[in-house]
Amino acid sequence: MDAVSKYGNLIKKTAVSCPRAALAMIRGGLTLERFRVGAFMDKRMPTAYRYLNIMALNDVRSALRQPETSVWANIFAPVEIIRCFGAHALSIECLSSFLSGFTIEDYGIDYADREGIASTLCSYHRNFIGAVDSGLIPPAACAVTTSTVCDGNTQTFRHLSDRHGVPMYLLDVPESWSAESEDYLVGQLVECISMLEDTFHKRFDMEDLSAVLKTENTSRSCYGRFLDELKYKAFPSTLTMQMYMLFATHLMCGSPEMLKFFKHLEAEIRGTRKFDGKRILWVHLVPYYQETLKSYFNLSDRYQIQAIDLNLDYERPLDPTRPLHSLAKKMILNLYNGSYNRKARRVQELAYHLRCDGVIHFCHWGCRQSSGGVMLLKEKLKEIDVPLLILDGDGIDRRGSHDGQIRTRLEAFFEMLG
Amino acid sequence: MIGYFCKYAPIEALTACGAKTAILAPTAYNFSCAEALMHPNMCSFTKAVLEDFEARPLEGMLFTSCCDSSRRLIDVLRHRYPNRFFYCLDLPRKLCDHSIRLYAAQIREMVSAYEQYSGSTFSCELLSRICDEKSRGINVSSDQCKAFRQGGDAGKRPLFDSERSKHTHPRIIMAGARPDASLIRLIESKGVRIVMNMCCTAAERDFKFSPDPTLFEYARALLLQLPCMRMDDTDRRWQLLSGGIAADGIIYHSVKFCDIYSFEYARLLSETKKRGLTVPILHIETDFATQNGGQLLTRVEAFLESLTPAAHAAFSSSDKEGQNPDPAHPECLQNENQNQSDPVYNHNQLSDGFAGGYVLGIDSGSTSTNAVIMDRFRRIIASCSVPTGAKSAQSAECALCLILKQAGIAREDLSQIVSTGYGRVSIPFSTLNLTEISAHAKGASYVNPNARTILDIGGQDSKAVRFNERGEVMDFVMNNKCAAGTGRFLEMMARTLDMDISMLGPLSLQYNEEIEISSMCSVFAESEVISLIAQNKETADIAHGICRAVAKRSLSLLKQVGIEPDIMVTGGVAKNPGLIKALEAELGCRVLSSENPEITGAIGAALFGLES
């Protein structure tokens with residue numbers, strides 16, 4: 001048993017009798033991790049990623065230290081608005097991943113199961129529900145969720161809001177764009193802002209939002225230029241870092257810190273060597289803890305994950321002169337919203353554009369919206385002769401992934417790529 | 001024919017275009033096609049719809065964007081049948097003028113799309129007439145909802161009235177995800193009256209329009225139905241569920257891989273606990289496949305037995321309904337209560353109707369058939385156990401011959417034969433039958449009067465049952481169809497380790513290293529064990545890991561039912577000392593067993609025979 005697992009076991013034992021002490025241990029663990037990243041991280045890791053790692057850890061630590069300034073959100077929520085209130089968006093997906101990083105995901109998941117929550121629900125959601133309901137994670141000031149992608153987004157937030165008296169706003173995102181559907185969503189954004197104003201006792205300033213959108217546009221341009229370089233260049237990363245990218249493209253998007261990160265990323269890749277290995281496009285979540293995947297992808301010279309589609313789910317520039325309409329359009333036209341055919345086409349474009357040799361789709365336990373379309377994606381990728389590997393498992397729950405199966409499938413896929 | 005399944009689907013508008021519509025209620029024999037076209041982890045209902053469509057393709061389907069699985073289903077169907085009519089309306093979650101306008105606009109677009117597809121023409125007048133006709137056929141549940149909405153006294157009533165003894169048939173609220181038609185038939189066949197159907201497909205449209213109705217009014221009527229759990233504001237559901245309807249219990253249904261309703265179920269559990277209510281709730285999970293009828297029957301019957309603990313014979317009598325005396329004898333129950341500490345004998349506790357002779361309890365399980373003969377003084381005269389084999393009726397006959405011989409009595413001396421277990425309905429000579437859940441509770445209470453919670457790990461399934469001092473079931477949970485955590489799982493693992501099942505437990509006690517078998521699925525767990533063998537791990541350590549895995553799973557069941565000491569393990573698996581040790585370690589307390597744990601159910605069945 002390694003040190004992290006031992007520490008995780010200690011957190012779980014403490015959580016049963018004293019959840020607050022367990023939370024303090026989690027915060028202490030994050031502080032240690034921040035120190036480790038700063039002082040001892042593998043030197044092969046690009047410095048931009050090291051910076052991203054530290055920023056993400058800081059964000060989560062702040063959200064846990066001051067829950068009264070944090071907002072529960074999903075990764076598709078309009079965090080740009082939350083940012084205007086000086087609050088931290090604490091996403092279900094990211095916090096659950098952090099808990100899994102401490103190897104304590106089974107604590108929250110089993111707790112939710114015992115409450116009667118379906119064991120087939122996405123484990124990110126179950127973990128978050130269990131962690132909050134058991135008292136391990138303190139309630140946030142309020143919650144903002146969208147109906148995008150997954151049924152769980154509505155249900156999980158409502159459950160937590162009812163149970164813990166946390167004000168919540170659900171943004172009902174229409175499946176397809178029209179002027180009317182955009183107006184419907186803008187109307188909801190106005191109501192959501194009103195809830196945030198009441199929660200934080202602060203007036204919302206549209207100018208602040210416009211400024212955030214401008215920064216986000218600049219960041220996105222930098223990322224686009226980085227990806228253009230990445231077609232040919234080597235840029236080592238790890239599975240964990242690919243997930244940390246969600247902070248840059250979603251949870252902290254539009255922040256000066258993330259603009260700095262993207263600028264650094266763009267500058268750093270210019271100095272790297274040519275990549276001769278196999279390029280992979282990853283679709284959906286990454287089980288960053290999975291041993292076989294880690295051994296093949298982490299800081300590898302042979303296999304490089306070019307991007308995760310989740311980080312490229314919306315690429316159009318936002319209009320700072322019509323910020324709410326821009327955000328509404330961003331949510332409606334998100335890659336993960338609407339028909340699967342639209343997503344399959346976009347993944348096909350990305351695979352082609354990023355010169356990928358293969359695509360890996362990870363079917364995360366409980367995620368019907370992604371798993372249900374894998375066969376359609378396979379056919380779409382066949383049109384451009386890019387093979388698709390379908391892996392089954394769980395993004396955070398170690399009990400839900402079988403290493404032997406993943407290893408066999410992955411190695412056969414690599415043999416196929418040559 | 002256009003198929004649909006969402007209650008918000010504007011089928012009246014489609015009918016006004018000349019289309020014929022049919023609600024889909026499929027049952028699948030297997031999911032081979034659906035799992036190849038989508039993924040095994042999709043909602044079972046949508047997989048069944050896809051199987052059904054493949055078997056007999058319809059003209060098309062009308063969808064709403066109601067859930068993740070159905071959205072993917074339409075993507076797959078559109079791709080596979082490009083020339084059929086598939087239309088998906090984006091169903092708003094909010095109820096406001098803006099969302100109603102959006103939905104009305106979509107209905108208009110759907111009408112145009114169907115006109116274009118079929119060459120027919122939409123008639124607004126016809127839509128008005130169809131809606132008018134429907135509005136005159138509003139069902140009972142709608143009336144109840146309406147009364148509640150209009151502020152009647154329904155909302156002031158307690159969650160469950162205490163006068164259920166006045167009603168001859170149990171009154172049930174059916175809630176949750178869409179139920180299979182066979183499930184409703186099964187429930188109703190047991191004499192249950194469903195007083196309120198709150199399942200997601202239960203349409204309750206109130207079409208009261210102006211003389212010249214618009215699509216806006218129609219869309220509004222659709223969206224105003226009792227909200228399903230997908231909607232933003234579900235307070236109306238909760239008000240009805242928690243206070244509006246007088247009933248004896250709730251059957252809460254969920255579909256495998258559909259999670260939406262589990263949240264309402266969790267809230268129901270939490271609220272009843274918080275408010276100190278003892279609301280009988282049965283949670284049933286189905287997967288729209290045909291193979292789980294036996295388990296469903298057990299759950300429903302056990303639930304009904306727990307609603308009217310002593311009156312089970314009224315619905316479970318094999319053939320002579322009404323001939324059995326009503327066993328709800330207060331004296332009988334009282335006397336039994338007084339004599340819990342002495343399970344052997346007391347003349348006073350016998351009912352007057354007991355004419356002498358013996359009672360046979362027979363438990364037909366998936367692995368073994370166990371029988372017990374008791375005399376009128378509740379003494380065990382004989383017991384035996386035979387393997388069930390391929391034919392449960394044959395093994396029951398064999399157990400009967402064997403036990404009569406052992407007891408030295410003739411068949412005519414048996415005044416009652418009570419069957420229990422999976423094969424209970426297939427034993428032709430039984431006069432009464434009851435579920436193994438009630439039988440094990442009763443039997444455990446006899447063997448150990450202080451026991452209040454049992455864990456029955458059977459060959460096919462595991463159950464945790466909480467009961468009172470009279471051995472009457474207060475609550476129970478049962479594992480789903482997955483074999484993990486059952487006797488079958490242990491057998492499978494023992495086979496993988498190349499040993500007899502009886503050796504697994506004793507060997508596990510000799511472990512040195514703690515090994516975690518983490519997989520939740522029995523198939524994955526087997527692969528995990530094979531990996532451990534390949535790593536040359538000690539067999540005793542692996543065996544210990546297996547026992548711990550089952551103990552952990554069992555702990556979850558026990559926690560769901562609410563652990564009340566003493567805890568006892570029944571069923572053949574209780575003979576596994578490794579499992580008992582692992583369970584004690586997980587629970588942090590002593591776990592009781594008995595010398596012959598496998599006959600607990602048969603003892604309970606015999607006791608029911610005596611009481612009836």
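1. In this predicted model, B:Lys190 and B:Glu301 form a salt bridge whose closest N and O atoms are 2.9 Å apart. B:Lys190 is in the loop between α8 (181-189) and β6 (193-199) of chain B, while B:Glu301 belongs to helix α12 (residues 293-307) of chain B, so the pair ties together parts that lie 111 residues apart in sequence. Both ends are on the buried side of the cut-off, which is under 20% relative accessible area: B:Lys190 has 18% relative accessibility, and B:Glu301 has a relative accessible area of 2%. The pair belongs to a network in which salt bridges with shared partners join B:Lys190, B:Glu301, B:Arg424, B:Glu436, B:Asp456 and B:Lys463.

2. Over all chains, the search of the whole structure gives 54 salt bridges. One of them connects A:Arg409 and A:Asp392, with 3.5 Å between the closest N and O atoms. A:Arg409 sits in helix α18 (residues 403-417) of chain A and A:Asp392 in strand β8 of chain A, so this contact ties together parts 17 residues apart in sequence. A:Arg409 is partly exposed, at 28% relative accessibility, and A:Asp392 is also partly exposed, with a relative accessible area of 28%.

3. A further salt bridge in chain B joins the side chains of B:Lys134 and B:Glu12, at 2.8 Å from N to O. Here two helices are involved: B:Lys134 is in α6 (residues 124-135) of chain B and B:Glu12 is in α1 (residues 11-15) of chain B, so the pair ties together parts 122 residues apart in sequence.

4. How many aromatic pairs does a search of the whole structure find over all chains? The count is 33. Among them is the pair of B:Phe85 and B:Tyr87, which is stacked, with 6.2 Å centre to centre and 15° between the planes. B:Phe85 is buried at a relative accessible area of 4%, and B:Tyr87 counts as buried at 16% relative accessibility. In chain A, ring pairs link A:Tyr49, A:Tyr223, A:Phe226, A:Phe235, A:Phe261 and A:Phe262 into a cluster.

5. Two lysines of chain B place a charge over a ring. The charged end of B:Lys47 sits over the ring of B:Phe31, 4.7 Å from the ring centre. For B:Lys256, the charged end sits over the ring of B:Phe257, at 5.7 Å from the centre.

6. The cavity count is 12, taking those of 30 Å³ or more. The largest cavity holds about 350 Å³ of space. It is lined by 30 residues, of which A:Cys122, A:His125, A:Val149, A:Cys150 and A:Cys367 are the closest to its centre. Its lining draws at least two residues from each of α7 (123-133), α8 (151-164) and α16 (368-371) of chain A and α4 (68-80) of chain B. The largest share, 4 residues, is supplied by α8(A). By class, the lining of this cavity comprises 16 nonpolar, 9 polar and 5 charged residues.

7. Helix α17 (residues 487-496) of chain B has 7 of its 10 residues buried, so it is largely enclosed by the rest of the structure. The buried residues are B:Gly487, B:Phe489, B:Leu490, B:Met492, B:Met493, B:Ala494 and B:Thr496. Just after α17(B), B:Asp498 has a positive phi of about 60°.

8. Some loop residues have backbone angles to check. A:Thr103, which is not a glycine, has a positive phi of about 60°; A:Thr103 lies in the loop between α5 (92-101) and α6 (105-114) of chain A and is buried, with a relative accessible area of 15%. A:Asp385 also has a positive phi, near 60°, but A:Asp385 is exposed, with a relative accessible area of 68%. The loop that holds A:Asp385 is between α17 (374-382) and β8 (388-393) of chain A.

9. The peptide bond from B:Pro565 to B:Asp566 is cis, with omega near 0°. B:Asp566 is found in the loop between α20 (539-561) and β17 (567-570) of chain B.

Methods. Residues are numbered from 1 along each chain as its sequence is written. Chains are lettered from A and ligands numbered from 1 in the order in which they are written. This is a predicted model: local features need pLDDT of at least 70, side-chain atom pairs count only at pLDDT 80 or more; totals for chains, interfaces and linings use all residues. Side-chain values use heavy atoms; hydrogens and water are left out. Rings of Phe, Tyr and Trp (its six-membered ring) pair if their centres lie within 6.5 Å; planes under 30 degrees apart count as stacked, over 60 as edge-to-face and the rest as tilted. Buried means under 20% relative accessible area, exposed over 50%, partly exposed in between (1.4 Å probe, protein chains only). A charge sits over a ring if NZ of Lys or CZ of Arg is within 6 Å of the ring centre and within 35 degrees of the ring normal. On a 1 Å grid over the protein atoms alone, a cavity is a set of points where a 1.4 Å probe fits but cannot get out, and a pocket is an open set with protein on both sides within 12 Å along at least five of seven lines; lining residues have an atom within 4 Å of a point. Grid points are joined across faces, edges and corners, and a volume is the space filled by probe spheres set on the points. Ala, Val, Leu, Ile, Met, Phe, Trp, Tyr, Cys and Pro count as nonpolar, Asp, Glu, Lys and Arg as charged, and the others, Gly among them, as polar. A salt bridge is a side-chain nitrogen of Lys or Arg within 4 Å of a carboxyl oxygen of Asp or Glu.
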